[in-house]
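Please read the following alongside the sequence and the model.

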Amino acid sequence: MRDAFTRALMREAAKDPKLTLITGDLGFGVLRPFWETYPDQFINAGIAEQAMTGMAAGLAREGHTVLTYSIGNFPTLRCIEQIRNDCAYHDANVKVVCVGGGFVYGSLGMSHHATEDMALMRALPGVTVFTPGDPAEVEAIVPVMLRTPGTCYLRLGRGGEPMVHTAPVENWQLGKALTLRHGKDVALLSAGGILTQTVSAADMLAQQGIDAEVVSFPTIKPIDADKIAELAGRFRHIVTVEEHSVVGGFGSAVSEVLGELGTGCRLHRIGMPDIYSCIVGTQQYLRGEYGLDDKAICEKTLQWMKA
């Protein structure tokens, strides 16, 4: 996802000399093509995320479109007050980019496990929250995000994630979900890099005779309420999957829509329990430990459908 982000950003930087990228002293491998090509549009703010966000807000008031870039919790939780007061409150054209959503940096421990960021960012008034599922969605999102007024949040994985879509995502519109697979028995809804596990779980369900529809939500704010309503009219069970706390994130956003529809559809949320992760390991290991991998998604879905 990082490479897809850099490629898309470079295409946009060529069109807009006031597009400015600020890093919190990281990403030098993946961002190198950007700063070598557009040195006047790149700033290293150092390990000072609060200052980086304040700088971005100031540049935005001078007419720049500014992106801040850092690991997981650092451009979000560490400087949430600056995002709220300096950026979002003033509708500043600042795009906060997190690389390493969820358990990407699982081996570095709880401080690097980004499992509350979506809830916090979507709670801020006026902030648009992007949650791409694979590199194809990233490349579709970046130009849309840069054209979206005000403060935005883009949650990326890391690098090397597989392409889940079989073709480029073209003409994507803000707030629209993407159906990867049609089904008739259950709907699996996914937000973020956990899409790989959701698709794999659908394959496992197919082996059990369950035909699952898979839908990716590249934004959770705004969320595609029309798609949720349409799914609720066709399915008895909807399962949401996110590499994030079950409190306040994607599943919560879907439940808010369903709660006002009043249908008989049952919602089941898969995500990080309401605890802090106290173990370390690879991203896939932690997904398994907390019931977020493809096997767990498949098993839980089967149990819910039998109930």
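D25 sits in the loop between β1 (19–23) and α2 (28–37); helices (H or I, at least four residues) and strands (E, at least two) are DSSP runs, numbered from the N terminus. This is a predicted model, in which local features need pLDDT of at least 70 and side-chain atom pairs count only at pLDDT 80 or more, while totals for chains, interfaces and linings use all residues. Residues are numbered from 1 along each chain as its sequence is written, and side-chain values use heavy atoms, with hydrogens and water left out.

D25 is not a glycine, yet its phi is positive, about 65 degrees. With a relative accessible area of 32%, D25 is partly exposed; buried means under 20% relative accessible area, exposed over 50%, and partly exposed in between (1.4 Å probe, protein chains only). N171 also has a positive phi without being a glycine, with a value near 55 degrees. N171 is placed in the loop between β6 (152–156) and β7 (178–181), and counts as exposed at 74% relative accessibility. As background, most residues other than glycine have a negative phi, and most peptide bonds are trans. P222 belongs to the loop between β10 and α8.

Next come two buried positions. T68 is part of strand β3 (residues 65–71) and counts as buried because its relative accessibility is 0%. Apart from neighbours within four places in sequence, T68 has contacts with I22, M52, A56, V94, K95, V96 and V97, where contact means heavy atoms within 4.5 Å. G133 is in the loop between β5 (128–130) and α6, and its relative accessible area of 2% makes G133 buried. With neighbours within four places in sequence left aside, the contacts of G133 are M1, G192, G193, L195 and S216. G133 and I220 are 87 residues apart in sequence, and their C-alpha atoms are 12 Å apart in space.

Helix α6 (residues 135–147) has 13 residues, which should span 18 Å at 1.5 Å a residue; the distance between its end C-alpha atoms is 19 Å, in agreement. The expected span is 1.5 Å times one less than the number of residues. At I141, α6 bends by about 30 degrees, and a proline, P143, follows within four residues. The bend at a residue is the angle between axes fitted to the seven residues ending there and the seven starting there. Because 11 of its 13 residues are buried, α6 is largely enclosed by the rest of the structure. Among the buried residues of α6 are P135, E137, I141 and P143.

Helix α9 (residues 250–261) has 12 residues and reaches 17 Å from first C-alpha to last, close to the 16 Å expected at 1.5 Å a residue. Its buried residues are F250, G251, S252, A253, V254, V257 and L258. They pack against α5 (117–123), β8 (186–191), β10 (219–221), α8 (225–234), β11 (237–245) and β12 (266–272). Just after α9, G262 takes a positive phi of about 70 degrees.

In soluble globular proteins, nonpolar side chains tend to be buried together. A nonpolar core is here a set of buried Ala, Val, Leu, Ile, Met, Phe, Trp, Tyr and Cys residues joined through side-chain atoms within 4.5 Å. The largest such core has 39 residues, of which L189, F217, I223 and F250 touch the most other members. The elements giving two or more residues to this core are α3 (49–61), α4 (80–87), β4 (94–99), α5, β8, α8 and α9. Its largest share, five residues, comes from α9. Not counting residues up to four places away in sequence, F250 touches M118, L189, S190, A191, F217, I220, I223, T240, V241 and E242. A second, separate core of 38 residues includes F34, I71, V104 and L178.

Finally, the whole chain. The chain has 11 helices and 12 strands, and 58% of its 307 residues count as buried. Of the contacts with a separation of 6 or more, 76% are between residues 24 or more positions apart. The C-alpha trace spans about 60 × 40 × 35 Å along its principal axes.
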